[in-house]
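Me: Hey, can you walk me through this one? I'd like to go piece by piece.

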Amino acid sequence: MKTTSVMIQNLCVPCFNRCRYCLLSWDGKIEGINWEKSIVIAKRFIDEINTHLPHLKTSFSFGYSMEHPHFEAALNTLHQLKSPMTDFLQCNGMKMRNDNQCDELMLMFKKEGIKELNFTFYGLAEYHDSFAGRKGDFDLLFRMMKAAKKYNLPFTASIPLTKENIKQINALVEILEKEGSKKTRLFIPHEEGRGKSLKDVRLTKDDLSLLSSEAIKLFNHSVYKTESEWLSETDPIKQQNRLIIISLRADNIKNYENKNAISIIKEIEALDEEYYASFPDFTTLAKKYGDYQGNKLYRIRDLYHHYRLCYCQEYQLKIYDVTDERKSGSRRY
């Protein structure tokens with residue numbers, strides 16, 4: 001397994017939503033560290049990596065949402081650190097704004113050189129607000145899109161598909177296209193974080209027949225296949241590379257302050273190897289837990305994760321979870 005990149009993150013900014021499938025399982029509790037301290041550490045780590053491991057790509061990000069209290073200064077810092085967040089900004093979970101405030105926000109984004117915005121919709125207004133855990137969130141996203149269009153800021157939209165919202169998708173896609181979405185992507189939500197709560201409403205291939213001819217074009221059939229389709233392939237897992245995530249948290253920062261980035265990367269790589277060595281390979285897991293007639297749709301990474309969850313539950317496996325993106329860990333691909 002080859003490490004190709006390192007992301008340093010600080011989960012120091014609250015999210016104003018409480019979405020049902022949050023990757024980071026946001027529960028209202030900040031787990032990151034002081035912003036200024038995180039920038040000092042991130043700069044040191046990136047300098048060390050560039051000096052000793054120059055083949056690795058580096059980045060810095062923050063969460064749980066992009067609603068930084070000093071947004072303009074934060075974006076300026078991200079530019080200095082060459083963070084990809086300045087190219088693509090996810091705009092969900094931000095505080096409520098009226099039309100004028102949305103205009104001010106987009107004008108600032110334009111000034112700071114943000115290249116593209118993304119908005120995630122869970123369905124039409126009532127369902128979206130319920131799923132996001134906040135009344136008025138759907139209308140807020142539309143106010144921000146209208147303001148983005150006003151200042152010629154390109155934006156895209158993402159829509160997770162489930163059995164619950166599939167009948168709303170055609171109308172939603174049509175609305176987003178009229179609003180000027182540069183591209184709208186339909187995807188199947190993962191089972192990571194709170195995503196496991198959606199396993200009973202996972203979409204099937206048959207459900208796709210409810211999509212219009214225009215909407216179905218936005219769904220990537222090569223990425224999302226049925227379980228039976230994946231299991232018919234000889235070797236569907238092609239993971240050869242990994243991203244290392246260094247999460248700056250209140251419970252590890254004293255340790256990290258006394259170490260260099262290279263040693264921390266090696267520690268996380270060892271955790272990654274230990275985690276995956278604790279499970280049988282994909283083929284063995286599939287024979288044990290797979291449904292070879294299964295019609296539910298998965299991305300292969302998510303199906304592999306689903307089988308590992310089944311294994312953990314059956315054998316009560318207690319191991320550091322490197323896929324928990326709130327903590328330092330890894331992402332194989």
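**Strands, sheets and helices**

Me: Let's start with Ser 5. Which residue in S2 is its bridge partner?
Reply: In S2, Ser 5 is partnered by Lys 57. Keep in mind that this is a predicted model.

Me: OK, and how many bridges join S1 to S2?
Reply: Eight bridges link strand S1 (residues 2–13) with S2, and the two run parallel.

Me: What about Ser 5 and S8, which residue is the partner there?
Reply: Over in S8, Ser 5 has Leu 243 as its bridge partner. S1 and strand S8 (residues 241–247) run parallel too, joined by seven bridges.

Me: What's the strand order in the sheet they belong to?
Reply: The order is S2-S1-S8-S10, in an open sheet of four strands with mixed pairing.

Me: Which strands are at the edges of that one?
Reply: Those are S2 and strand S10 (329–332), and each of them pairs on one side only. Ignoring direction, neighbouring strands in this sheet are turned by 30 degrees against each other on average.

Me: Which helix packs on it, touching S1, S8 and S10?
Reply: Helix H10 (residues 261–277) does, and its direction makes about 120 degrees with that of S8.

Me: New topic: Ser 83. Where does it lie?
Reply: Ser 83 is in the loop between helix H2 (71–80) and S3.

Me: Buried or exposed?
Reply: Ser 83 counts as buried, because its relative accessibility is 2% and the cut-off for buried is under 20%.

Me: Which residues does Ser 83 touch?
Reply: Leaving out residues up to four places away in sequence, Ser 83 touches Phe 60 and Leu 78.

Me: Now the sheet with S3 in it. What's the order?
Reply: S3-S4-S5-S6, an open sheet of four strands with parallel pairing. Strand S3 (88–90) and strand S6 (184–187) are the edge strands with a single partner each, so one side of each has no neighbour in the sheet. From one strand to the next, the twist averages 25 degrees.

Me: How many bridges join S5 to S6?
Reply: Four bridges connect strand S5 (residues 155–160) to S6, running parallel. Within S6, Arg 185 stands opposite Ser 158.

Me: Which helix packs on this sheet?
Reply: H5 packs on it, touching strand S4 (116–120) and S5, and the direction of H5 makes about 160 degrees with that of S4.

Me: What about H5 and H4, at what angle do they cross?
Reply: The axes of helix H4 (residues 125–132) and helix H5 (residues 137–150) cross at roughly 105 degrees, coming within 7 Å. That is why H4 is roughly perpendicular to H5.

Me: Which residues meet there?
Reply: From H4, Ala 125, His 128, Asp 129 and Ala 132 meet Asp 137, Phe 138 and Leu 141 of H5. The residues of that contact are four nonpolar, one polar and two charged.

Me: And which H4 residues are buried?
Reply: Tyr 127, His 128, Asp 129, Phe 131 and Ala 132 are buried in H4. The buried residues of H4 pack against S4 and H5.

Me: Last one: which residue just after H4 has a positive phi?
Reply: Gly 133, with a phi of about 75 degrees.

Note on methods: Residues numbered from 1 in each chain as written. Predicted model: local features only at pLDDT ≥ 70, side-chain atom pairs only at ≥ 80, totals over all residues. Heavy atoms only, no water. Pairing = 2+ DSSP bridges. Axes fitted to C-alpha atoms, helices over the stretch in contact; angles between N-to-C directions. Parallel < 35°, antiparallel > 145°, perpendicular 65-115°, else oblique. Contact = heavy atoms within 4.5 Å. Nonpolar A, V, L, I, M, F, W, Y, C, P; charged D, E, K, R; others polar. Buried < 20%, exposed > 50% of the residue type's maximum accessible area, 1.4 Å probe, protein only.
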